[in-house]
Amino acid sequence: MFYLTRENLRPALTDGLVFALAFVPVAWAYARLTLGGVYWLPPGELPATLAAALLLAALPEELAYRGLFLGTLTRLGAPAWAQVAVTSALFAAQHVRYLLRGDPLTFTLVAAFGPVAAAMTLHRKNLAGAVLAHAAMNTLIFVFIGGRVSSL
């Protein structure tokens, strides 16, 4: 089972931080491709954006997909590849709204994150890295698109 605990916490958080740093150029490119340029989030909005990214998206989604679903598949003895595939497919299905409104780029980014988060969680047996990476991904996109929620 996977928890937000001190066990493997430092390596899990390191994984999340490495992902966050690696995602910076992706988020930058995303803003340029979707909006034609980078529109910076006003600095005063950063704390609220980070809190929303963490508390409204990253934490609940990671608890559900990597905590509950991945943890259940682990307890049932499913092979790791199946755990990653099933939870990633469920995560992508939740975000299919991007495809339905003609935004394959956003859907691709979200769908690609599913296997990364699952692998981080399986590797460290801790949700902290996936939660941090997820919150960073959401926050960075908002930082570079100027908080334009309508673009998501």
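Helices here are DSSP runs of H or I that hold at least four residues, and they are numbered from the N terminus. With that in hand, one more point before the tour: what you are looking at is a predicted model.

Let's begin with helix H6, which covers residues 128-144. How far apart are the end C-alpha atoms of H6? They are 24 Å apart, and this agrees with the 24 Å that 17 residues should span at 1.5 Å a residue. The expected span is worked out as 1.5 Å times one less than the number of residues.

Is H6 mostly covered or uncovered? It is mostly covered, since 16 of its 17 residues are buried, and buried means a relative accessible area under 20%. After H6 comes glycine 146, whose phi is positive, near 70°.

## H5 beside H6

Helix H5 takes in residues 104-124 and packs against H6 at an angle of about 155°, with the two axes 9 Å apart. Angles over 145 degrees count as roughly antiparallel, and H5 and H6 are therefore roughly antiparallel to each other. The crossing in which H5 passes H6 is right-handed. By class, this contact of H5 with H6 has 8 nonpolar residues, 3 polar ones and no charged ones.

Which residues meet between these two helices? From H5 come Leu109, Phe113, Ala117, Met120 and Thr121. On the H6 side, their partners are Gly129, Ala130, Ala133, His134, Met137 and Ile141.

## The loop between H5 and H6

Lysine 125 sits in the loop between H5 and H6. Its phi is near 55°, a positive value in a residue other than glycine. For background, most residues other than glycine have a negative phi. Lysine 125 has a relative accessible area of 49%, so it is partly exposed.

Now turn to helix H1, which spans residues 9-35. The axes of H1 and H6 come within 8 Å and cross at roughly 20°. Angles under 35 degrees count as roughly parallel, and H1 and H6 are therefore roughly parallel to each other. H1 passes H6 in a right-handed crossing. In the contact of H1 with H6 there are 20 nonpolar and 2 polar residues, with no charged residues.

## A look at helix H3

Helix H3 runs over residues 80-94. Which residues of H3 are buried? They are Ala82, Gln83, Thr87, Ser88, Phe91 and Ala92. What covers these buried residues of H3 includes H2, H5 and H6.

Leucine 90 is also part of H3. With a relative accessibility of 38%, leucine 90 counts as partly exposed. Leaving aside neighbours within four places in sequence, leucine 90 is in contact with Tyr65 and Phe69. The C-alpha atoms of leucine 90 and tyrosine 65 are separated by 7.6 Å, although the two residues lie 25 residues apart along the chain.

In helix H2 you will find alanine 48. Is alanine 48 buried or exposed? Its relative accessibility is 52%, so alanine 48 counts as exposed. From alanine 48 to leucine 127 there are 79 residues along the chain, and their C-alpha atoms are separated by 22 Å.

The last stop is proline 42, in the loop between H1 and H2. Proline 42 has a relative accessible area of 35%, and it is therefore partly exposed. Proline 42 and glycine 114 are 72 residues apart in sequence, and the distance between their C-alpha atoms is 29 Å.

Definitions and conventions: Residues are numbered from 1 along each chain as its sequence is written. This is a predicted model: local features need pLDDT of at least 70, side-chain atom pairs count only at pLDDT 80 or more; totals for chains, interfaces and linings use all residues. Side-chain values use heavy atoms; hydrogens and water are left out. Buried means under 20% relative accessible area, exposed over 50%, partly exposed in between (1.4 Å probe, protein chains only). Axes are lines fitted to C-alpha atoms, for helices over the stretch in contact, and angles run from 0 to 180 degrees between N-to-C directions. Angles under 35 degrees count as roughly parallel, over 145 as roughly antiparallel, 65 to 115 as roughly perpendicular and the rest as oblique. A crossing is left-handed if the near helix is turned anticlockwise from the far one by less than a right angle, and right-handed if clockwise. Contact means heavy atoms within 4.5 Å. Ala, Val, Leu, Ile, Met, Phe, Trp, Tyr, Cys and Pro count as nonpolar, Asp, Glu, Lys and Arg as charged, and the others, Gly among them, as polar.
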